[in-house]
Amino acid sequence: MADLIWLIPAFPAIGFLINSLLGIRFPKALTAWVACLSVIASFAVSAAIFVKFLGMPAEGRLLEKTVFDWIVSGDFNTSIGFRIDALSIIMCLIVSGVGSLIHIYSVGYMHGDPGFRRFFCYLNLFVFMMLTLVTADNVLLMFVGWEGVGLCSYLLIGFWYEKDSASDAGKKAFIVNRIGDFGFLLGVFTLVGFLGTQGIWTLKFSELQANVHLIGPSLATVITLLFFVGATGKSAQIPLYVWLPDAMEGPTPVSSLIHAATMVTAGVYMIARLNFLYVLAPTTLLIVTVVGLLTAFFAATIGCAQYDIKRVLAYSTVSQLGYMFVGVGAGAYAAGIFHLMTHAFFKGLLFLAAGSVMHAMSGELDMRKMGGLRKKIPITYWTTFIACLAIAGVPGLSGFFSKDEILWMAFSRHHSFWFWFIGAATAGMTAFYMFRMFFNTFHGECRASEEVKHHIHESPKVMTIPLMILAVLSIIGGYVGVPHLLGGSNHIEKWLEPVFGHHAPATAHAGGFSFVNTAFASSGEAAGIEAGMEMKLMIGAIIIGLLGIFIAWLFYVKNPNLPKKFVEKFHGLFTLVHNKYFIDELYGAVFVKNLFRLGALCKEFFDETIIDGIINGVAAAMGGIGSLMRRVQSGFVQGYAFAIILGAIIVIGYLVSRMIL
Amino acid sequence: MTVMSIPILSFLIYFPLLGAILLLFVNRKNSQFIKVFTLVFSLVELAVSIPLFFKFDETAKTMQFVEKAQWFPEWGISYFIGIDGISLLLVLLTTFLTVICVLCSWKAIEDRIKEYYITFLILETAMIGTLCALDLVLFYIFWELMLIPMYLLIGIWGGPRRIYAAIKFFLFTMAGSVLMFIAILALYFYYYKTTGVYTFNVLELYQASIPVVKQYWFFGAFALSFAIKVPMFPVHTWLPDAHTEAPTAGSVILAGVLLKMGTYGFLRFAVPLFPAAAFDAIPLMSILAVIGIIYGAIVSMMQPDLKRLIAFSSVSHLGYVMLGLFAFNIQGVQGGIYQMLNHGISTGGLFLIVGMIYERRHTRMIADFGGLAKVMPVFATFFMIITLSSIALPGTNGFVGEFLILLGAFKSNAVYGVLATTGVILGAVYMLWMFQRVMFGVITKEENRNLKDLGKREILILSSMVFFIILMGVYPKMFFKKMDVSVAEYLSFVKAKNAQYRTLPQGATEAAKVNDLSNTK
C-alpha cells in the first residue's frame, strides 16, 4: 500500500505531461478526458486508502514512502518522500474530489476558449502540486508544492494574458506570495539551523516531531511565527491578503478550485501539519487567532460593500480563511480542518454557481445589472441558495457545524468573550453579504440589458451536475463533525486525533492581553458552566446569523430603496469600505513607489554616475597621458609594448617581493 | 602522467585549438562547411568530456586525470593539469555550453564567419585550460588567453557600442590580472626564500606558510582580480556593457563560463593559498556579496534593455555564489558551486532567449515588445520555464543552489542570511515584471504581429537547457556526489590551515613558522 501512495500526486502529473507534450493535435474531448480522468484516478486512490484506513486501528493509519534522495549536502538531507495519514488523506480527498468536480465543470465552462488545452495543462499541474503539498513527508517538499501551486495560481490568474488587469493580478499574486515565502524560508533556516547544532539534520515531519522537545519556547515562537508569515501570504491573511481579490481575474473555475477550495487553505494545512511546533508557542497561537479574527472581520466588512459578485466571494473567502486560522490558533486543529472541508464544498459551489451566472449573463459580474434570475436558471438558483444557507451558518447545514465549532473553541480555549463576539458578528455580516448577493442576483426585477436578457439560459449538464453534487455535500458535509453537545460524536475530531493528539490542552491563553479578557476568562468557573455556555453561545450565533439574513431581505427584497438611502447617509463610510479601505493604494504609495525610487537612484545615480564616472574618468586620464606619451614614440608600438609591459611586471614583481618579503 | 592513462584533459584542451588551426586552411566562402566543422568539433569535445563524469572517482580526495611533466624545471614551471569534483562539473558545463553557442550562432553570425568560429574554438581551449591548470604559470597563461577571444567577440561581432564595451572589459580584467601576476611572482619568490624550492605547483604552494600580513597583500591582489571577473559589487560595471554589446553566443559563454572563472579562482587559488586572509575577509566579502544580491536585483528592475536586465541579474546571482563560498560550510560552498552551474544554464538560457527575439526584431528594448505570447506560444513556454529557473522556483535547478547557499549563509551568520533572502522577493519582482512586459498584454507594435515562433534548431537548443533545469532541480544528487568529497576536503583543508595560523604566536619569526610547517608535513 505504502508503495503506491506516490500515485496520488503522480496521476495529475501524468495528465499534465500527456496534454502538454503530446496534446498539440488532440481533439478537445480527448484533452478533457485525459485531464479529468487523471484527477479522478487520484481521487480513486485516495478513496481506496481512506477505506483501508477506516478498517485499521487509529494508530496504524500512517503510510510513508521515500522515493529518492533530493537535496543532500553534508549532514543536511531531504528526500522526495510522501506521507499519508489521517490529515493528509482528508486533504487528498478534498483536493482530488472537489478538483475532479471542477475539472468536469471546466470542460463546459471553457468550451469555447482558444486556450482550452493550456487551461487543462495548468489545472492538472495545479492538482499535482497541491497533492504534493499535502502528501509531502518533509517541509522542503511541501515547499515545492507550496511554490508550485503559487506558480499555477500565477499562470491561471493571468490566463487571459492579453488583459493587463489579468497579468497584473497574476504578478501581484506571485510577488505577494513570495513575501510570505521569505518568512517561510527563514522559518526553515531557523529550524534546520538550530536542529543542526543539535546534530539532527532533518526536515521530515516525523523526525521533527520526535525531536521537537529540543526546541525551547522562544525559539519555537520565532519559527512558528516565520512559518505563519508564509501562511498569511498563501492563505491571504492580513497584511498579505491583497492579492486574492485581484486573483478573480482568472477564469471562474480557477477561483473556485485554487482561490477558494484548495490552494488558499494551504496555510491552514501547514499549521495543522506542524501542530507539534505550534503547540510549543502559545504566543504564536494567540497571534494567529488575532490575525485570523481581524482578517475575518475586516474582509467581511469589505464584502458588504462590493457589487462584483466574484469580489464579494473573494472577500468572503479571505474572511472564512480567517475563521480557519481562529480555529487552528485556538489549538483546535481539527476544527480548522473541519471548516476547511465544509468551506471547500460551499465556497467551491458558490464560485461555480457564480460562473454559471456569468455564463447565463454573457459574462456580467455586476450584481446591480442582474436580478430576477430565479426562474431562468433554477438549478443555479437552488444550489446557490443551499450554499448561502450553509455559509450563513443556518442550523443543519455544513457551515453551521464547522463555524460553531470554531467560535466555541475561540471562546473556550482563549477564555475570551470578545473573540467569540467578533467571530459571531463576522458570521452575521457573512449572512448579510451573502444574501445581499443572492437576492440581488436572483430576486426582484431583471436589470440586465435586453440583449443580455435574451440570452439567459441554464448551463449545460456538465456544469450543473457538479453544482448539484457540491450542494449535497454542502448540506451533509457537516454531519461528520456534529458536536457532542448536540448528541453527535464529532467523527472528524476523533479521526484526526492520531495527528493532533487527544483534545490539545488549552495552551493558548490570552492571559497577557488584558484587553481581551473578560469576566468569563477567570478560568476555573468556565469549565463548570461549559456545556450551558456552549449552548447559549450557539443560540446567540444562530440568532446573529438569521438577523443578517433578515436585514439582507429587508434591504434588498422588502424595501429595495433602503440601501440607496443608507449609502447616501453614510457616504464617507461607504466610499471607504467600497474602496477596500484604500489598502492597495497605501501599499502602492509606501512600498511599490519607494522601491522604484530606490531602483532609479541606484541605477541612474550610483551605477551610471558614480561608479562608471570613476571608471571612465580613470580611462580618460590614462588616455590623456597616453596621447602625451605617444609624441615621443614613433613607428609601431603595439608589437613591443606588450613585451615591455610584461618585462616590467616581472621586474617590478621581483623587486616588490624582495622589498616587502 | 602515467603511461597507461590517456591524456584526456590535454585532449580536451588542445582539440578545439586543433580545430581552430585546421579552420585556418578552409576557404572562407565555404561558410556552411565551417559551421558544420565547428559543430562537429564541439560535439566531439562534448562526447569526450562526458566519460570524465562517469569515470571520475567520487571517493578520491586527490586530483584526478592528472598529467604532469617538467616544463622549465629550473624555474619550477611544470605542465601540471588535473581536475577535482569542482572543476569537473565546470569543465562539463563548458563543453556543453560551447555546443549550444555554436548552434545559436548558426544564423546570427553572418559576418567573418571563419574568424568567428576560430575565435570560439580558441576560447574553449582557454577556458578548459584555465579550469584544469594546477600550475600557476600555466593557469595564468590560459587565464589571459581567455581574454583575447572574448575581447574580439565583443569588439568585432558586437553591437553598436562594441568598442567601448570591449575596451572596458579588457581594461577591467587586465587591471586585476596584472595585480594577480605580481602576487603570483611574489608568492613564488617568497616560497623559494622560505623553502629553497622554486615552484609554481599550486598543490605545493598550498603548503606554504605565509605570515598573515603578507597574506593580506597576496589575497587582496588575487581577490581583486577574481572579484572583477565574478563580478562583485562595486567592480561590476564592465559586465552590463560587455553583455549588452556581445553577440548572443558571447553573452552565453561570458555568463555561463567566464564569470565562473572568478568564483572558481577563489575556490582554487585565493582561498586555499591564503586561508588566514580569506577568513579575515569573510565580513567584507559577505557584505559585498549581499549588496550585490540586492543592488543587482534593484538595478536590474529598472533596466529598459533586456540584456542589461539579465546582466544585472547576473550580478545578483553571482552575489549568491560568493555568499555561499564565504559561508565556509558545506551547504554554502556546495550551494555556491551548484549555483555556478545553475547560473550557466538559466542565465545562459535567458541570453539565448533574448538572442532569439533579437534575431527576429533587431531590438532588445523591453518597450518594443509586449504580447508576444500570442504569436510565439512555444517560445513563451520556454521563456517561462527559464525565467522560473532564474527565480529559483522549487523543482528547478535554481532552488537547490539558492536554498543551500541561504542555509549555509544563515548558519554562518544569520544577518547575511536574512538580508540575502530578500533577494528571493526581488528576483520575482524584476523577472516577472520583465516577462509580463515582453510576453503579456496585447500586441501594440505592428512588427511583432507576424513574428515566427521557434524553429527546430531553436527548440533543440532550449529543450536541452530545460532538460538540465529539471534534472538538476529534481535529482541534484547526481551532481552533488561528484563534488561531495572534493568540497569536504577543500573545507577541511582551509579550516585546518586557518586554525594553524591562528594558533601561531603573534610574534613568531618566519623561521619558526617554516619549522612549524615542516613539522606538520
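Two residues are in contact here if their C-beta atoms, placed from the backbone, lie within 7 Å. What you're looking at is a predicted model, in which local features need pLDDT of at least 70, side-chain atom pairs count only at pLDDT 80 or more, and totals for chains, interfaces and linings use all residues. Residues are numbered from 1 along each chain as its sequence is written, while chains are lettered from A and ligands numbered from 1 in the order in which they are written.

Let's start with a single spot, B:Ile294. You'll find B:Ile294 in helix α12 (residues 282-301) of chain B; helices (H or I, at least four residues) and strands (E, at least two) are DSSP runs, numbered from the N terminus. Which residues does B:Ile294 touch? Leaving aside residues up to four places away in sequence, they are B:Thr422, B:Gly423 and B:Leu426. In that part of the chain there is also B:Leu419, which is 125 residues from B:Ile294 in sequence but 8.3 Å away in space, C-alpha to C-alpha. Is B:Ile294 buried or partly exposed? A residue is buried if 20 or more other C-beta atoms lie within 10 Å of its own, exposed if 12 or fewer, and partly exposed in between, with C-beta atoms placed from the backbone. B:Ile294 has 19 other C-beta atoms within 10 Å, so it counts as partly exposed.

Now zoom out to chain B. It has 21 helices and 2 strands, and along its principal axes the C-alpha trace spans about 75 × 55 × 40 Å. A compact globule of 521 residues would have a radius of gyration near 24 Å, and chain B agrees with 23 Å; this radius is taken over C-alpha atoms, and the globule rule is 2.2 Å times the number of residues to the power 0.38. Buried residues make up 60% of the 521 residues in chain B. Of the contacts in chain B between residues at least 6 apart in sequence, 81% join residues at least 24 apart.

Chain A holds 27 helices and 2 strands. Its C-alpha atoms fill a box of roughly 100 × 65 × 55 Å along the principal axes, and 55% of its 661 residues are buried. One helix to pick out is α8 (residues 217-234) of chain A: its 18 residues reach 25 Å from first C-alpha to last, close to the 26 Å expected, where the expected span is 1.5 Å times one less than the number of residues. Since 13 of the 18 residues of α8(A) are buried, this helix is largely enclosed by the rest of the structure. Just after α8(A), A:Ala236 takes a positive phi of about 50 degrees.

How do the two chains meet? The contact takes 47 residues from chain A and 51 residues from chain B. On the side of chain A that touches chain B, α6(A) gives the most, with 15 residues. The residues on that side divide into 27 nonpolar, 10 polar and 10 charged; Ala, Val, Leu, Ile, Met, Phe, Trp, Tyr, Cys and Pro count as nonpolar, Asp, Glu, Lys and Arg as charged, and the others, Gly among them, as polar.

Finally, look inside. A nonpolar core is a set of buried Ala, Val, Leu, Ile, Met, Phe, Trp, Tyr and Cys residues joined through C-beta atoms within 7 Å. The largest one has 422 residues, and B:Ala270 and B:Leu323 touch the most other members. Helix α15 (residues 333-360) of chain A gives the most to this core, with 18 residues.
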